[in-house]
Protein chains: 2
Amino acid sequence: MGVVTLKDVAKVAGVSYATVSRALSGSPEIGESTRKRVVRICEEMGYTPNSVARSMVMKRTNIIGLIVTSIDNPFMSEMTAHLEIYARKCGYNLMVCNSSYDLNLEKEVFSLLMGRKVDGIILIPVGNESYDSLKNLTAQVPTVFIGENMLDLPENYVSVDNTNGMQQATEYLYSLGHRSILYLGAREKSMTHQLRVDGYLNACKKLGIEPNVIRNSDPRSSFRVGYALAKAHFETPFSETAILCAADTLAIGVIQAAYEKGIRIPRDLSLMGFDNISFSALPPIDLTTVNQPKQELAVAALDMLINRIKKPEASHTKTILSPSLVIRNSCRAIGD
Amino acid sequence: MGVVTLKDVAKVAGVSYATVSRALSGSPEIGESTRKRVVRICEEMGYTPNSVARSMVMKRTNIIGLIVTSIDNPFMSEMTAHLEIYARKCGYNLMVCNSSYDLNLEKEVFSLLMGRKVDGIILIPVGNESYDSLKNLTAQVPTVFIGENMLDLPENYVSVDNTNGMQQATEYLYSLGHRSILYLGAREKSMTHQLRVDGYLNACKKLGIEPNVIRNSDPRSSFRVGYALAKAHFETPFSETAILCAADTLAIGVIQAAYEKGIRIPRDLSLMGFDNISFSALPPIDLTTVNQPKQELAVAALDMLINRIKKPEASHTKTILSPSLVIRNSCRAIGD
DNA sequence: GTAAATTCCGTAAACGTTTTCGTCGATTTT
DNA sequence: AAAATCGACGAAAACGTTTACGGAATTTAC
């Protein structure tokens, strides 16, 4: 009735349990004939190794902790899908936690995962304060950050070049003839968002147009937030011909607000996002945006983490991938 | 440098490590003064219990395995968010795996999680064949199925009443004056879909209208599938005034196909979905649909699972929640 | 005042593996 | 033929906890 263990197999096979362990681990210190016999008996008895016991002695669990702000955010869930599949291919399983956009909770689940003895942690931080908040902890377990970047940051991270991406976006709108571009949704306390806004500001300066930024204090980048910001903005007359959003989800909220106001996109207003979540491709949305290569980010993050697990003393590394423009139908060209 | 363990604390405190264990576990077999002293020393030394070692001796990991077809499906990711948060509240962590709509992979990750010694598994099955495929495995670890249901199924599951939901949907369309309603996307090899189609057929019979079902052999319920099915259907002239989709994601694909064809929703065609994913609420989509109470499903599934973990010998239980109509603006009333 | 009960704590076994070390027989070397 | 080498396997320690058991010290009961 009970689960069959190494000892049980050993008893049946008439060998020591060291031998059974060797037979299954592919050790060279065992004769080919006994290996075959033991393996056969293992299969007959339905033996499956106990990962917990193995973790105990090997001092590694082959579990990677993943902390996301919220798994139901489309960007997060797409990333997670790629992460899980690639992790499994590399022999790891994923333990997933939501930080729910809360710094304290983020720290709490980080500690929790450490107590679980995960081999490493991949973290999509709540914001720039996450670094300070987690400083003592990240020193104790291999950690890779996704998304937030800052060149002088003493952590491992992968990210797209946010500044460059937003610069491309701004220049694209400019090339369509837009001279008054509103930047919507710059989240406070977020390096990612700071860098994106920098890209916009850089481009404005270079192109000689006046920047205009609406900031956002809500830690989420959700439809609701985009909707609320746009709605407030639409209350009074405005002169912008285009809105550049800090994230696709925000842009989708803007579409909602515009819709209610009778503002048609792209006829009356051009709109761009950032991230390229899968929904943005749908015709009713059809959002021109900047793509984050999610699979590449996932693979890079895991490769980096696994590397660090293998040599924890290595110095911090950073990988910055290139974002690319995805042109759909939410922007139109206007005359100068 | 190394991690601080029970023994270390015991040595510093000048007690046996049994005492340390008792101090932390809230055992009554310890004096209040020593408890306080030991707890203080634990904090000072930054001791955190090793969950792996504890799992080893306690024979439980406090980990729940979650198998979803694909975490980036909006319905799944919303469910997962609820599951993770509630599980953590109950003292469990979630180990998440994608089955990628593949029966073999589903079985493979199930075994994997068993080897991980998870305390229980929550499974959103690939399809009706999952039951047979996993029969030998589900007997070995507490398992709760979400979504697929069938009254005579010897498994634990939670689900909405799919038949009733689709019946409501059909009757709603009828009440708006629709007499020719196409059912789109009945997935083969899926009990859920079979039950939904049943609801539609029941209603048609009761209302005296002619049913018309387009089936779908693809195991996914994605935008693409809905798009492809609708596109094919729109190729030739059709007389239906409404389309009832087996899932919101499919309906969103239909919107795409309709858009391309110049068919306007709801003016030219009424459209309904099932699931009520968060995107369906967005004005550009604004889909009338049938709600699945995702948080309630998550809570019910976990309660059921935890119950079963505590008494594994209990007989199978089923929970069927009620779906409810969510009326938005993708359907219009027509004259008889 | 002693016997019994109670309180508090230490000893040691157990959980299921991996791996080091040692042993024994067989094979090769001199 | 004796010595050295080698291959295959067993014995046992180790990983960090929890907990049953037992013992000493203290309290309670007569």
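Predicted model: local features only at pLDDT ≥ 70, side-chain atom pairs only at ≥ 80, totals over all residues.
Residues are numbered from 1 along each chain as its sequence is written, chains are lettered from A and ligands numbered from 1 in the order written, and side-chain values use heavy atoms, leaving out hydrogens and water.

View 1. A residue is near a strand if one of its heavy atoms lies within 4 Å of it. Of the DNA strand D atoms that come within 4 Å of the protein, sugar and phosphate account for 66%. By class, the nearby surface has 14 nonpolar, nine polar and five charged residues. Here Ala, Val, Leu, Ile, Met, Phe, Trp, Tyr, Cys and Pro count as nonpolar, Asp, Glu, Lys and Arg as charged, and the others, Gly among them, as polar.

**View 2. Atom pairs at DNA strand D.** A polar side-chain atom of A:E29 lies 3.2 Å from a base nitrogen of DNA strand D. Helix α4(B) gives the most to the surface near DNA strand D, with five residues. Helices (H or I, at least four residues) and strands (E, at least two) are DSSP runs, numbered from the N terminus.

**View 3. The surroundings of DNA strand C.** Among the 27 residues around DNA strand C, those that come nearest are A:S21, B:T19, B:R22, B:G31 and B:T34. Sugar and phosphate make up 61% of the DNA strand C atoms that come within 4 Å of the protein. The side chain of A:S21 has an N or O atom 2.5 Å from a phosphate oxygen of DNA strand C. For A:R54, the distance from a side-chain N or O atom to a phosphate oxygen of DNA strand C is 3.0 Å. B:E29 faces a base instead: one of its polar side-chain atoms lies 2.9 Å from a base nitrogen of DNA strand C. Helix α4(A) gives the most to this surface, with five residues.

**View 4. The interface of chain A and chain B.** In all, 47 residues of chain A are in contact (heavy atoms within 4.5 Å) with 47 residues of chain B. About 4100 Å² is buried between the two chains, and carbon and sulfur atoms give 67% of it. Buried area is the accessible area (1.4 Å probe) that two parts lose on being put together, summed over both. A:V52, A:R116 and A:F279 supply 15% of the area that chain A buries against chain B, more than any other three residues.

View 5. Strand β2(A) and strand β2 (residues 93–98) of chain B run antiparallel, joined by three bridges. Two strands pair if DSSP finds at least two bridges between them. A:V96 has B:L94 as its bridge partner in β2(B).

Methods
Polar contact = N/O pair within 3.5 Å; in protein donor to acceptor, adjacent residues only side chain to side chain.
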